[in-house]
Amino acid sequence: MNLEKQTPMMQQYLRIKARHPDMLLFYRMGDFYELFHDDAVRAAKLLDITLTQRGASNGQPIKMAGVPYHAAEQYLARLVKLGESIAICEQIGDPATSKGPVERKVVRIVTPGTLTDSALLDEKRDNLLLALHQRENEVGLAWLNLASGKFFVAETDVHNLAAELERLQPSEILLAEDAFLPQYKTASKTLPAWHFEEEAARRALCQQFATHDLAGFGCNDFTLGLQAAGALLGYAKLTQGQGINHVRSMQVYAAERYVRMDAATRRNLEITQTLRGEPAPTLLSLLDTCATHMGSRLLHHWLHHPLRDRAALQARLEAVEKLIAPCLTVHNQLKSCVDIERITTRIALRSARPRDLSGLRDTLKQLPQLHSLISNNASSLVHRLRAALLPDTALVDLLQKTLKDEPGSILREGGVIADGLDAELDELRGIQTHCGDFLLALESRERTRTGIATLKVEYNRVHGFYIEVSQAQSIHVPDDYRRRQTLKNAERYITPELKAFEDKALSANDRALAREKLLYEQLLDQLAPYIAPLQHIAAAIAQLDVLAAFAERATTLNYSAPVFSDATVLRINKGRHPVVEAQVEQFIANDTELNDQRQMLLITGPNMGGKSTYMRQVALITLLAHCGSFIPASAAVLGEIDQIFTRIGASDDLASGRTTFMVEMTEAANILHNATEHSLVLVDEIGRGTSTFDGLALAYAIARHLLQRNRSYTLFATHYFELTRLHEEFQQLANVHLAAIEHQHSIIFLHSVNEGAASQSYGLQVAALAGVPSEVIRNAKKQLRALEQNSATQSSQGDLFTAIPEVIDPEEHPVLGALRDVQPDELSPKAALEKLYYLKKLA
């Protein structure tokens, strides 16, 4: 586009836009952020705002759309949720002294992964920016929670990438232009390859952390991870338009510290999101009774990062036990705490608002009470947390003396800095304070001078100070009155005396606002040294909040403490599914026993009988125990667990071109390749997506492989009853079934797990419950009998385990066939009597 033919303002806009071509540009003009040309068309569609055309530049009408600056946050929030990035361009010059367009520049960039403003963030979920850099079969990952300053780096096999993305659930992903990203549900941005240059990354990271090298972080021998970290750090600084001083260290993510779960397992267990993508009912929604947003976010993190460190787990369990008695008192004390973690970040980025700081002050003043409340707690972990809960008195004093008790919400409107802090500010405020007295005195004098009893002296933001007289009385005003505004029923005037006072008062107001802004910025400077201590306080409050929530849930939901053992054992007494239990009136508890002599439970039983619920509850109980929570069971003993795998349910992955059966086999392959003798494996109805004999053969071979090679703790649910005979070959396999009984042509599910294989599948009865027409059910029964009688003689494939001798089908007596066709519930008394005589005749 030819800039020379554009208007000066449009030239300025286009130059700034050229530096941010892939973002929406919010261009400040007075009280609005305006968008032009293609940005205007796009924003109008996304935000459902008016698209207009005004003026012309280069002979073409200028397409425009705008949003009020005071309401911009709500529009930004909507755009970010849609995955958009926005460059915020502010006026930084003085309109009074500018000869051309007012000087403007982009002061910050808002992207999905770099949010810090409370209005844009989900209060109960971490917002992560992730960068990845891949070379052949290795991938380096770096992720940053800009709102808390937590920065991690890792290197892993490319096959683990999907699981890592599911674990982290980043809001935005950065990658090099030539990189490949698997199908993922979040915003991504490609950067030029030079952003990932290794030496530049090392220099930038060392400069950020003020270190000579990165050996102290345990990643000096990393390559791909550091390249990703360097690109991420540069991008984060660019979006904020400044340094990110609250990011003070980088941690290496050690996967071996945690119980590993792949992407399918995290989805199937519905830890933080249902299979439909909803936030409830999930394990998180059940457990999250945290008093603070910091606690809710930490609970989310713990549920996706179950620990293997027995000492750390024991410390958490001990803390939960010791907090059971005071948990409600602790909860109530924590309820008034503000989000110190995110406020600290905004202090570091100099974007903290006055009420952020007053809330911080009030929370810090209450911490000694919380410290006293838990002073007698015998838990070593709570004792460590208590030590971090005493803030520096100098910090509290600084906030107390600087801020008003109830400061204004917006700095530019004043009313933020406390009286008595600054003599100059107090003097300027005094002028404004005595303004009312002057106006009342002036009004009294002018009424006496003019004889107009209804004369009023008033002020508004648009016209300043004025004397208002009705139209009828305007003929009596003195000669020194100068008309300022004419209304329908009144005239407004100014006098030399009032004008002189106005200049003095308004000047004092402007100078007071400028002085408050200066003092506030000085306060932010003074708070900078306290960033690290505030981060420690925030971390302690979050942990205490989660532990108190665990204690409350243990009491309310009747949970018990798990026991960890060095033996090969997974024993659960009267276990319950935590989420399902909360949705039903009565839940049937069941036992589970797995050990080196009983490695696999082969689970049979009807559809809807509870097989999947039973399997999931074992996994969720194991997961909760490794988060340091009490569990929904009367007792549990757990040996070492390194991974949890689930192969439960499946659907087409159309985006990747994979059928249901292909998804199922991919997940099964992952389990067979990676499960160890310390892994918990859940396999539900494998082999359904192909022919009966293919599916049976695969299920049989997979079960054998798990028993012989992986030797994992395994729950294997199936409708292939032939598999129950594996017990004859493998004594470490136990058959169990979910009980059900037939009653009046229907089925009743008992939901209890019993030893031994099920006697039948009850598929037709479940179909009847689902509302399948009775005629279809009758035909299905006939076909089932035929299949059962003839399958052995007609099958060319034969049985997988033994050769079945030829079955001779004897001719059936006519009475039996007639009896089978009788539907007693559909017969009238007369028809029933006639049917009885007919049967007697046949006999």
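Mentor: Partly exposed means a relative accessible area between the buried cut-off, under 20%, and the exposed cut-off, over 50%. Keep in mind that this is a predicted model.

Trainee: How does L750 count, then, and why?

Mentor: L750 has 37% relative accessibility, so L750 counts as partly exposed. This leucine lies in strand β27, residues 746-755.

Trainee: Now charge. Which residues make up the patch of negative charge on the surface?

Mentor: E136, E138, E155, D157 and D221 gather there. Take E136 as the example. E136 sits in the loop between β7 (129-135) and β8 (138-145). Its relative accessibility is 72%, so E136 counts as exposed.

Trainee: And where is G277 placed?

Mentor: G277 is also in a loop, the one between α7 (263-268) and α8 (283-287). At 39% relative accessibility, G277 is classed as partly exposed. R267 and G277 are 10 residues apart along the chain, and their C-alpha atoms are separated by 9.2 Å.

Trainee: Next, helices. What span should α21 have?

Mentor: The general idea comes first. An α-helix has 3.6 residues a turn, so residues three or four places apart point the same way. For span, count 1.5 Å a residue.

Trainee: How many residues of α21 are buried?

Mentor: 13 of its 15 residues are buried, so α21 is mostly covered.

Conventions: Residues are numbered from 1 along each chain as its sequence is written. This is a predicted model: local features need pLDDT of at least 70, side-chain atom pairs count only at pLDDT 80 or more; totals for chains, interfaces and linings use all residues. Side-chain values use heavy atoms; hydrogens and water are left out. Patches are made of residues with over 30% relative accessible area and no salt bridge: like charges are joined within 9 Å, nonpolar side chains (Val, Leu, Ile, Met, Phe, Trp, Tyr) within 5 Å. Accessible areas come from the Shrake-Rupley method with a 1.4 Å probe; for residues, only the protein chains shown count as cover. A salt bridge is a side-chain nitrogen of Lys or Arg within 4 Å of a carboxyl oxygen of Asp or Glu. Lys and Arg count as positive and Asp and Glu as negative; His and the chain ends are not counted. The place of a charge is taken as NZ of Lys, CZ of Arg, CG of Asp or CD of Glu. Helices (H or I, at least four residues) and strands (E, at least two) are DSSP runs, numbered from the N terminus. Buried means under 20% relative accessible area, exposed over 50%, partly exposed in between (1.4 Å probe, protein chains only). The expected span of a helix is 1.5 Å times one less than its number of residues.
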